Protein chains: 2
Amino acid sequence: MLHLNAFLMGVGHHEAAWRLPESDAFAQTDVEHFKRLARIAERGKLDSLFLADSPVLWNSIGRRPAGTLEPTVLLTALAGATEHIGLIATASTTYNEPFNLARRFASLDHISGGRAGWNIVTTAGVEAARNFNLDELPAHRDRYERAAEFIDVSLKLWDSWDDAAPLGDKAGGVWGDDDLLHPPHHKGRYFRVAGPLNVPRSPQGYPLLVQAGSSQDGKELAARYAEAVFTAQQTLAEAQAFYVDLKRRAAALGRDPDTIKILPGIVPAIGATEAEARALEEELDRLIKPEYARQQLATTLRVAPEDLHLDRELPADLPSEDEIQGAKSRYTLIVTLARRERLTVRQLIARLGGGRGHRTFAGTPEQVADAIEEWYRSGAADGFNIMPPVLPSGLEAFVDHVVPILRRRGLFRTEYTGSTLRDHYGLARPANQFARVPVAAAH
Amino acid sequence: MLHLNAFLMGVGHHEAAWRLPESDAFAQTDVEHFKRLARIAERGKLDSLFLADSPVLWNSIGRRPAGTLEPTVLLTALAGATEHIGLIATASTTYNEPFNLARRFASLDHISGGRAGWNIVTTAGVEAARNFNLDELPAHRDRYERAAEFIDVSLKLWDSWDDAAPLGDKAGGVWGDDDLLHPPHHKGRYFRVAGPLNVPRSPQGYPLLVQAGSSQDGKELAARYAEAVFTAQQTLAEAQAFYVDLKRRAAALGRDPDTIKILPGIVPAIGATEAEARALEEELDRLIKPEYARQQLATTLRVAPEDLHLDRELPADLPSEDEIQGAKSRYTLIVTLARRERLTVRQLIARLGGGRGHRTFAGTPEQVADAIEEWYRSGAADGFNIMPPVLPSGLEAFVDHVVPILRRRGLFRTEYTGSTLRDHYGLARPANQFARVPVAAAH
């Protein structure tokens, strides 16, 4: 079965969505807006909600609605408005401490009854570094080494309570068994954390681990830890190659490749007819103000804005991915896309404005379902991260018109069959790494 | 008018509350339990909920229910279950980064419609330090200097968006006015933070600032920044002296003393008759297992557990407050209480087990109301942090039986008259420190 997440972002992923008459320009900080979106996604029995994040204010606030509620907090609010759907929050290993972050995710997992997921990112961009006592972005490799140790420490903290540690023995006056605590006493290169965590082991054991970077370091990290991978893939061939590569890497580390779900992003502009879908796409692209986007593209490409002519292709002499310290795979994706399709800067800006490098697509519900099925059946995806260009209308269109088609084709669930996010993904609750009794004997 | 907060802690503040037949021994991680408590407090029109916190697992888990959901996350869940009541979360300036914490509180303030408060603590205890890459607790003075800078940075971040920065100009395609952002570019002793925050200025401007340490450094910090102060005071005379001292310190810094509310903790065991109240208190004290508490008391007093004889008074030779690096005022409070009342270790343990140094009190609703009124009218308190020994029953007893008496006496509100936490406390929304137009002219 397919896995489908609703990737929520303000009033939509298209950067000009806020300018449509239907959009509430201030919805990005309105919890009621997000509750509506969450209920629509749950009505469609989607696997999970997904929130991106970076601890920095990007770009100009002139360009589009700016400011994002912190994801672990916002998803806690959405936990109370829903009953089944998973809740995946992005959080940075570069700008957090493991004890604090592991605790917040454990808290969210308790509060949501086992629906928490953590999208692990290392956070590109010197602007974020400057919010955390640094002048420069730590090197790519360092960020990934820190990320691996951060995850190791977090796993130890989440396992620092045996599931059986709480006893609640009122008559004996013994609440918990101290011998079933496993303080990590971790001393590593980046962190020293004594523990144990101050939250008992949560319904899922720990949150579903998700990863979204597609650089070499990112793929290595994903192969080791991730249970789901979000990725930006523009063509079927590239998506298949990525899929095979990541499943192989996971298998090479002794993992069952089925326990790592690969979910490319897709930005579907949906219309009752193809013409209607294209009209929506064109209306959105028409509302983009290219000057803001050109500025950002220049920053990403490490060139001066005046070297990017709106009606010409990208300059020939751009840095190689090796020279890029942040968002490596995103950099390569943009350059490859522009070169392959010989896009002008203006065209490239429209493509990126629609989905920031993810696959954009305009069509009828049937065509969207076809596109999803094709990739799913061709070994390019285990599911998709759905990124509606306009919210809530684009999510409603997907849930009410595309999901029923996928169900008729036997590709998607009609009801939730479990209660946790791992249940939705068909993954087992992880055993405690410190359990003193073999798992089989404990049952 | 009085201000009353409900200080929530698992199944009650008394350490043996979980052993009562009525108590759910696992409620400390059950969000539904906390939602019930929040609704009871809101039914009583209390000003706020309050959650204590430390990023560490204290003590043995044998002793009492252990593990606490992270407060900014838990209060976000409670925001969704309530409409009016304030939400005050404790968070440490020693073990957080300003950008992350300022953002979470701004998010909570947006999500709750202006009900967030931050209880600022510096976190005593080497055990917490060891969860954050340190071997020793930073010195008391250093923790307080870092706290002051942390608050300054946070205030700059919260004010880094002018209230008028979001425009939402769809026709012009300009979402916000970049000239109305005020990135702090802070470079201090402890922090370098460029900013701006990635959350627009919130309904209250920023969360209500609360402080709870009563050492000299703590009182200085409170006098400068706090809008509410929680404090442990055992006698009327001590409470009056603290009240006068803090109001004077605030006035000396040019503040209106009415803008800093002083709220001692009170642990009321409530019964329909005095005998019933005393029976509840005695039942709870009987359920304490003194060996756990003796161990903790020995740690606090820096003596060996075997030097504390349960049926004798404290040893004569204890360290002075100057030698204590963490929780100074708490140390002095315990020693003063024991010496003044000539308590045996067993008696002291019962008193501390009831309210961890806060004023414990057994009586009828009328007697509890009398105690509250006396301190309020004698210049010892602007209100109280209510710490029910057993939850939810102790909060229900307070709301249903004590609050109506306070209302009849004209001391407490019958309805909420505002929508934000500062409204409940009778405080104005703070102006933006970077506002370019004089506040009067802006209206």
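This is a predicted model: local features need pLDDT of at least 70, side-chain atom pairs count only at pLDDT 80 or more; totals for chains, interfaces and linings use all residues.
Residues are numbered from 1 along each chain as its sequence is written, and chains are lettered from A in the order in which they are written. Local features required pLDDT of at least 70, and side-chain atom pairs were counted only at pLDDT 80 or more, whereas totals for chains, interfaces and linings use all residues; side-chain values rest on heavy atoms, with hydrogens and water left out.

Chain A contains 15 helices and 13 strands, these being DSSP runs numbered from the N terminus (helices H or I, at least four residues; strands E, at least two). The C-alpha atoms of chain A occupy a box of roughly 75 × 50 × 40 Å along the principal axes. The radius of gyration of chain A, 22 Å, agrees with the value near 22 Å that a compact globule of 443 residues would have, where the radius is taken over C-alpha atoms and the globule rule is 2.2 Å times the number of residues to the power 0.38.

The same surface serves both copies, since 100% of the contact residues of chain A recur in chain B.

At the interface, 80 residues of chain A are in contact with 80 residues of chain B (heavy atoms within 4.5 Å). The area buried between the two chains is about 6000 Å², of which carbon and sulfur atoms give 56%; buried area is the accessible area (1.4 Å probe) that two parts lose on being put together, summed over both. Across this interface, 50 residue pairs, with both residues at pLDDT 80 or more, are in polar contact, defined as a pair of N or O atoms within 3.5 Å, of which, within protein, one must be able to donate a hydrogen and the other to accept it, residues adjacent in sequence counting only if both atoms are side-chain atoms. Among the elements that each supply at least two residues to the side of chain A that touches chain B are α1 (31-43), α2 (71-79) and β5 (166-169), while α3(A) gives the most, with eight residues. The residues of this side divide into 40 nonpolar, 23 polar and 17 charged.

Four salt bridges are counted between chain A and chain B (a side-chain nitrogen of Lys or Arg within 4 Å of a carboxyl oxygen of Asp or Glu), and Arg192(A) forms a salt bridge with Asp135(B), with the closest N and O atoms 2.9 Å apart. Over all chains the structure holds 64 salt bridges. Within chain A, the side chains of Arg189(A) and Glu145(A) meet in a salt bridge at 2.3 Å, N to O; this pair links distant parts of the chain, 44 residues apart, with Arg189(A) in the loop between β7 (186-187) and β8 and Glu145(A) in helix α5 (residues 140-158).

Technical notes
Ala, Val, Leu, Ile, Met, Phe, Trp, Tyr, Cys and Pro count as nonpolar, Asp, Glu, Lys and Arg as charged, and the others, Gly among them, as polar.
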